[in-house]
Amino acid sequence: MQVATKLQHMAVPGLLSIVIITYNRHHDMLELCKSIAEQQNKELLQEVIILNNCSTTSYDEVTSYIEQHPEIPFVYKIAPGNLGVSKGRQYAIQFATAPILFLIDDDTVFEHTQSLQRICSSFVEQPRPIAIVSFLVRYYSNHQVQQNVFPHKQFEKHQDLERFPTSYFVGCAHAVSADALKACGGYPTDFFYGMEEYDLSYRILNKGYSIWYESGVTVLHKESPQGRRPRLEILRQMWVNKSMVAWRYLPKQYFFSTVILWSCFCLVKSKFNLKIWLQGWTMIWQIPDTQKRTPVSKDTRQYLEEVNARLWY
């Protein structure tokens, strides 16, 4: 049954699976569990899947809370190893059985108690069916919009819009149609951290789906407004991963522009760490020989142009 059709009957239970990947954030994870328990319309929940990504800290507080709340369909699993974010998501969704999957970071909480129904109702019928909806993320500390996880690069133009189509989603808080995810092959498993959202987005769009932003669901993210200073290896990997995505799905000129502009960004942000920079270039040179090109269709490129996607870097 199509998700949009099901939404005509909002009383249907089990419409939504929440999926959370957690690593060494047991206190944050406990607060998120409590935030879920406070939600209205919990009959919409099929399960709340918590995948412990082989944390090195104790999650006894979390498992104790789960045992004390059998009315919430928690499913607690331990990964076979630290799978990273994207591979962890792909591993976790095998336990999900609802038509809509909502994935949320473990260091967030819901701002409102009506979020479950709003998540489900965001999948309205469109000429180009909706596959993914990305939601509003605010800082936990001051409730300001977190610009670096806003799903459009033209922030000033889009920040006050309640809803708009876009070219990519933000992993921090997003919902995805299980059918669409299956149709495009799921989350990429060769990205340990960074840019996996772009890889999935291009594959989703190339299947004829659309991606939307919806401000009706808000999560509060415990990241500092000053941001996190990425480790040098992570910075290098983001450069390589974004270049890999451009090679796989975009015309070649965007691959070259992405490589060059991100190399400059990485060099500056690393404070001219030549070791990291040269390691990145070594990995970049291997991309054409190791990665297959499957460029998106003309129809998808037209969609990207219509939503003003930034493709150069």
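# Close-up views: helices, loops and cysteines

**View 1. Helix H10 meets helix H11.** Phe255, Val259, Ser263, Cys266 and Leu267 on the H10 side meet Leu274, Ile276, Trp277, Trp281, Ile284 and Ile287 on the H11 side. To count as a contact, heavy atoms have to be within 4.5 Å. Helices (H or I, at least four residues) and strands (E, at least two) are DSSP runs, numbered from the N terminus. Sorted by class, this contact has 10 nonpolar residues, 1 polar residue and no charged ones. Here Ala, Val, Leu, Ile, Met, Phe, Trp, Tyr, Cys and Pro count as nonpolar, Asp, Glu, Lys and Arg as charged, and the others, Gly among them, as polar.

A quick word on what you're looking at: this is a predicted model, where local features need pLDDT of at least 70 and side-chain atom pairs count only at pLDDT 80 or more, while totals for chains, interfaces and linings use all residues. Residues are numbered from 1 along each chain as its sequence is written, and side-chain values use heavy atoms, with hydrogens and water left out.

Back to the helix pair. Two packed helices are described by the angle between their axes and the distance between the axes. For H10 (residues 252-269) and H11 (residues 274-290), that's an angle of about 165 degrees, with the axes 10 Å apart. The axes are lines fitted to C-alpha atoms, for helices over the stretch in contact, and angles run from 0 to 180 degrees between N-to-C directions. H10 and H11 are therefore roughly antiparallel to each other. On this scale, angles under 35 degrees count as roughly parallel, over 145 as roughly antiparallel, 65 to 115 as roughly perpendicular and the rest as oblique. The crossing of H10 and H11 is right-handed; a crossing gets that label if the near helix is turned clockwise from the far one by less than a right angle, and is left-handed if anticlockwise.

**View 2. Lys271 sits in the loop between H10 and H11.** Phi of Lys271 is near 55 degrees, which is a positive value in a residue other than glycine. Is Lys271 buried or exposed? Lys271 is exposed, with a relative accessible area of 60%. The cut-offs are: buried under 20% relative accessible area, exposed over 50%, partly exposed in between (1.4 Å probe, protein chains only).

**View 3. Helix H9 packs with H10.** H9 (residues 232-249) and H10 have axes 8 Å apart, at an angle of about 175 degrees. H9 and H10 are therefore roughly antiparallel. Among the residues making this contact are Leu235, Trp239 and Trp247 of H9, along with Phe255, Trp262 and Cys266 of H10. The residues of this contact divide into 11 nonpolar, 3 polar and 4 charged.

**View 4. Arg248 is found in H9.** With a relative accessible area of 8%, Arg248 is buried. Leaving aside residues up to four places away in sequence, Arg248 touches Asp190, Phe191, Asp199, Gln291, Lys292, Arg293, Thr294 and Pro295.

**View 5. Tyr193 and Met195 are in the loop between H7 and H8.** Helix H7 covers 178-184 and helix H8 covers 196-206. Met195 has a phi near 75 degrees, a positive value in a residue other than glycine. At 10% relative accessibility, Met195 counts as buried, whereas Tyr193, at 37%, counts as partly exposed. Which residues does Tyr193 touch, not counting those up to four places away in sequence? They are Val85, Ile234, Gln237, Met238 and Asn241.

**View 6. Helix H2 lies alongside helix H3.** H2 (residues 26-37) and H3 (residues 60-68) pack at an angle of about 20 degrees, with their axes 8 Å apart. H2 and H3 are therefore roughly parallel to each other, and their crossing is left-handed. His26, His27, Met29, Leu30, Cys33, Lys34 and Ala37 of H2 make the contact with Glu61, Val62 and Tyr65 of H3. By class, that's 6 nonpolar, 2 polar and 2 charged residues.

View 7. A disulfide is a covalent bond between the sulfur atoms of two cysteines. In this model, it is a pair of cysteine sulfur atoms within 2.5 Å, and the count comes to 0 disulfides. Cys33 is in none, and its nearest cysteine sulfur, that of Cys172, is 16 Å away. Cys33 counts as buried at 0% relative accessibility, and Cys172 counts as buried at 4%.
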